[in-house]
Amino acid sequence: MDVAVKLHTKQRYCTGRNSEVDGDIFKFKGEGDAVGVVKILEPTSPMLNYYEYEIIDRGEKCAIGIGVGEKGYPLDRMPGWNAHGIGYHADDGRLFHHDGFGKPFGSTSTVGDRMGCGVDFDTDEGYGYVNVFFTRNGEQVGEPIKMKRPLHGLYPIVGLHSAGEKVLYLGHSRRLPYTVMQPMDLDTSPWSVWLRSNGVRFLDDGLTLEYCGEGLEARDIGIAQANFRLDCSNHYFEMEILSAGKEGCMAIGLAKSTYPLHRHPGWDEGSAGYHADNGQLYKEVGEGKPFGPTCTEGDRMGCGILFPDTDNTDLDVEQTAELEYEGDGGGVCTVYFTKNGERVGSVECSVPRGGFYPVVAMLSGGEKIRVNFEPLTG
């Protein structure tokens with residue numbers, strides 16, 4: 001069975017007035033011809049690019065749709081009816097892409113059928129474009145559809161359009177087009193170390209990252225966040241700058257699990273980051289402070305946590321692991337940064353609810369980094 005991870009936990013979803021979420025079940029709660037949409041608040045990423053649901057109640061019409069849309073896609077419009085959205089609908093098997101009419105595409109679906117949607121980031125469609133594909137009961141329906149990736153990514157959206165409709169969200173996984181998948185087997189840990197990302201391309205074993213955003217403005221961040229928080233036994237990580245690109249706007253840091261995927265580390269609440277281009281430290285605000293040297297191609301930048309009840313910055317890993325750390329939120333810890341294995345400085349931070357997760361980011365064309373979660377130093 002294919003391993004899946006669920007991304008709607010910790011309230012990471014939003015609903016329109018005509019839909020609701022009960023655990024893993026998405027329900028229609030409107031009247032008449034109203035539309036209810038459930039949107040998962042994590043954009044599809046190269047490592048978790050595909051999701052599925054099972055129809056468990058067809059309701060009056062089985063007017064159910066699966067797809068992806070931009071961050072601001074309306075919560076009262078079926079997938080694909082509006083611009084920057086695309087959807088495959090169960091009742092008529094039609095594909096909707098930027099319009100409310102649709103075109104013949106695949107088979108209809110009913111109770112017991114699994115419908116899936118994926119985004120293929122590794123394409124030859126041109127800069128900034130992806131291919132969106134759909135499945136029914138594990139088999140691909142039709143051909144992938146070329147689509148422009150919105151600035152903040154493509155978000156999973158499920159549409160419900162008649163009384164009584166219910167679907168069971170089965171989770172996210174990694175899938176390539178033209179492959180057949182067995183039913184998903186839920187696992188709380190995806191195969192990748194990355195759980196959330198936007199605007200980056202993963203190379204080789206997934207630890208080499210390359211910027212693939214447009215780099216036209218400050219919000220066009222390429223960012224990746226690990227699927228684990230730092231704790232006593234795993235308190236430090238590094239990134240090596242393989243290419244500084246046009247501007248060298250790379251950063252390393254820590255952030256809460258729900259950190260915005262269009263903000264550099266340290267720019268928003270629940271985060272701290274050390275930036276390569278200016279050597280500044282950012283902590284929960286968009287204005288940095290002088291902190292350390294700049295970093296460029298060939299340099300290694302590191303980030304770690306010193307745990308409570310110690311002011312000793314020279315503790316080794318074994319000594320540090322013995323200290324108590326409220327990793328799931330609450331309390332204060334010291335976040336420190338390094339350059340080429342040497343301590344640059346530190347800052348005191350409040351631990352966000354859920355703990356601190358490793359995060360790396362880039363912002364200009366040509367930037368490439370490699371991340372090491374098991375460095376010998378730190």
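**Exercise 1: strands in a sheet**

Strand β2 and strand β5 (residues 36–40) run antiparallel and are joined by 3 bridges. Before going on, note that this is a predicted model, where local features need pLDDT of at least 70 and side-chain atom pairs pLDDT 80 or more, while totals for chains, interfaces and linings use all residues. Residues are numbered from 1 along each chain as its sequence is written, and side-chain values use heavy atoms, without hydrogens and water.

Task: find which residue in β5 is the bridge partner of Tyr13, then find which strands stand at the edges of the sheet.

Solution: 
- Start with the terms: strands are DSSP runs of E, at least two residues, numbered from the N terminus, and two of them pair if DSSP finds at least two bridges between them.
- Tyr13 has Ile40 as its bridge partner in β5.
- Now write out the open sheet of 7 strands: β2-β5-β14-β7-β8-β9-β10, with antiparallel pairing.
- β2 (13–15) and β10 are the edges: each has a single partner strand, so one side of each is left without a neighbour in the sheet.

**Exercise 2: two rings**

Task: work out why the pair Phe105 and Phe134 is edge-to-face.

Solution: 
- Rings of Phe, Tyr and Trp (its six-membered ring) pair if their centres lie within 6.5 Å; planes under 30 degrees apart are stacked, over 60 edge-to-face, and the rest tilted.
- For Phe105 and Phe134, the centres are 6.0 Å apart and the planes stand at 85°, so this pair is edge-to-face.
- The two residues are 29 residues apart in the chain: Phe105 is in the loop between β10 (103–104) and β11 (114–120), and Phe134 is in strand β12 (residues 129–136).
- Phe134 is buried, at 0% relative accessible area (buried is under 20%, exposed over 50%, partly exposed in between, with a 1.4 Å probe and protein chains only).
- Phe228 and Phe373 are edge-to-face too, with 5.0 Å centre to centre and 75° between the planes.
- That pair spans 145 residues, and Phe373 counts as buried at 12% relative accessibility.
- Ring pairs also link Trp194, Phe202, Phe228, Phe237 and Phe373 into a cluster.

**Exercise 3: charges over rings**

Task: find which ring has the charged end of Arg175 over it.

Solution: 
- The test is NZ of Lys or CZ of Arg within 6 Å of the ring centre and within 35 degrees of the ring normal.
- Arg175 has its charged end over the ring of Tyr50, 5.1 Å from the centre.
- Lys39 lies over the face of Tyr155, 5.9 Å from the ring centre.

Definitions and conventions
Helices (H or I, at least four residues) and strands (E, at least two) are DSSP runs, numbered from the N terminus.
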